[in-house]
Amino acid sequence: MNLAAFTMPVMAGHFERFGAWLAVTVGDNKAAITVNRYLPFFMEIEKVWQAIPDYSRLVAHFGAEGLRRVRLPMRWMQETGLVVKDVAVQAKDSEKRQIAGMLKALEGDPPGLRVLKGYHDTLMAKVKAGKLSLRSVRLAMAPAKALMLEAQKMGLKKPDQKAVDLYLAKVPGQSAALTGFVRYLREAHSVDVVVPKAKDGVAQKARQRKLEREMLAMMSEGGEGEKFLRRWVSVGLAYFHGLPRNVGLAVDVVRTDGEGIAIQVEGKSYWVPSIR
C-alpha cells in the first residue's frame with residue numbers, strides 16, 4: 001500500500017528494498033509496525049530530488065539532527081552504497097546550526113539582533129574569503145551573544161563599558177574571545193568600549209598561551225570519548241576560568257548543550273565552549 005504513495009518507480013523500489021532490509025534487521029513484527037514512520041522521509045526525497053541524492057544535499061535539506069531521526073533509513077542507504085557519509089559535512093552543518101541558534105537567542109530584541117547579525121555577517125565574510133573557519137565563528141559568536149544578552153538585561157540597545165565589565169567579571173576567561181566583538185562595536189557602531197587589560201604577569205600570559213595551543217591542538221585532533229571530553233573540560237576551565245587543571249579531570253557533572261558544556265564545580269557553575 002505504501003508503494004502506491006510514490007510517483008517515481010525508482011523511489012518505490014528503494015522503499016520496498018528498505019522495508020525488506022528493515023524486516024531482516026529488526027524482525028518482521030517490529031518492521032511492520034515501524035516502517036510507516038519512515039514513509040514521509042522517502043516521499044520528501046522523491047518530492048525534492050526524484051531519487052536519493054548525495055549525503056551533502058541530504059544534510060543541507062534535513063540537517064544532521066533531522067537525519068539522526070531517520071537513523072535506520074540512513075544506515076540502509078550507507079550499507080547499500082546509495083549514500084556515503086561525510087563527517088566533515090556533518091560537522092559543518094552542526095556549526096552552522098549552533099551559530100543560527102545564537103542569533104535566534106536575540107530574536108526578542110530586534111536592535112540587539114541587528115548588532116549581533118552584523119558581527120555574524122562580518123565573520124562569515126572572512127569564512128567566505130577562506131580566512132576563518134566556521135568553528136572559529138562559533139567560538140567568537142558565543143561571548144558576543146552572551147554580552148548582548150547582558151546588555152539586554154540592563155535595558156541597553158548596545159553594550160556599554162559597564163556591560164562589558166560586568167560580563168567579564170562573571171567570565172574573566174572570555175576576555176580574549178570577546179576582543180573581536182568589542183572591536184566591531186567600536187568600528188561599526190561607534191560604541192566607546194574596550195576589553196580591560198589583564199592584570200596578570202608574564203608567567204600567567206605564558207600559561208594562557210600554552211593552554212591556547214593545547215586547545216587548538218585538541219580541536220585539530222577532533223578526538224571523542226569520555227577521556228577526551230574531560231581533558232577538553234580540564235583545559236577549558238583552566239583557560240577560561242583560571243581553575244587548576246586537575247579540577248576539570250575530577251568533576252562529576254558534565255552537561256552538554258547546543259553551544260557548550262556546563263560544569264558544576266563545588267557548587268558553582270562554569271561554562272566552556274563545545275569542541276564540536
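Reader: What makes Lys162 and Ala169 count as exposed residues of helix 9?

Author: In this predicted model, a residue is called exposed when its relative accessible area is over 50%, and Lys162 and Ala169 are exposed residues carried on the face of helix 9 that is turned away from its buried side.

Reader: Which residues of helix 9 are called buried, and what does the word require?

Author: The word requires a relative accessible area under 20%, and in helix 9, which spans residues 161–170, the buried residues are Ala163, Val164, Tyr167 and Leu168. Because they cover an arc of only 125 degrees around the axis, they are placed on the same side of helix 9. An α-helix has 3.6 residues a turn, so residues three or four places apart point the same way.

Reader: What do the buried residues of helix 9 pack against?

Author: They pack against helix 8 (134–153) and helix 10 (175–189), where a contact means heavy atoms within 4.5 Å.

Reader: How many of the contacts in the protein between residues at least 6 apart in sequence join residues at least 24 apart?

Author: Among those contacts, 57% join residues at least 24 apart, in a protein that has 13 helices and 3 strands and in which buried residues make up 42% of the 276 residues.

Notes
Residues numbered from 1 in each chain as written. Predicted model: local features only at pLDDT ≥ 70, side-chain atom pairs only at ≥ 80, totals over all residues. Heavy atoms only, no water. Helix = DSSP H or I, 4+ residues; strand = E, 2+ residues; numbered from the N terminus. Buried < 20%, exposed > 50% of the residue type's maximum accessible area, 1.4 Å probe, protein only. Arc of directions from axis to C-beta.
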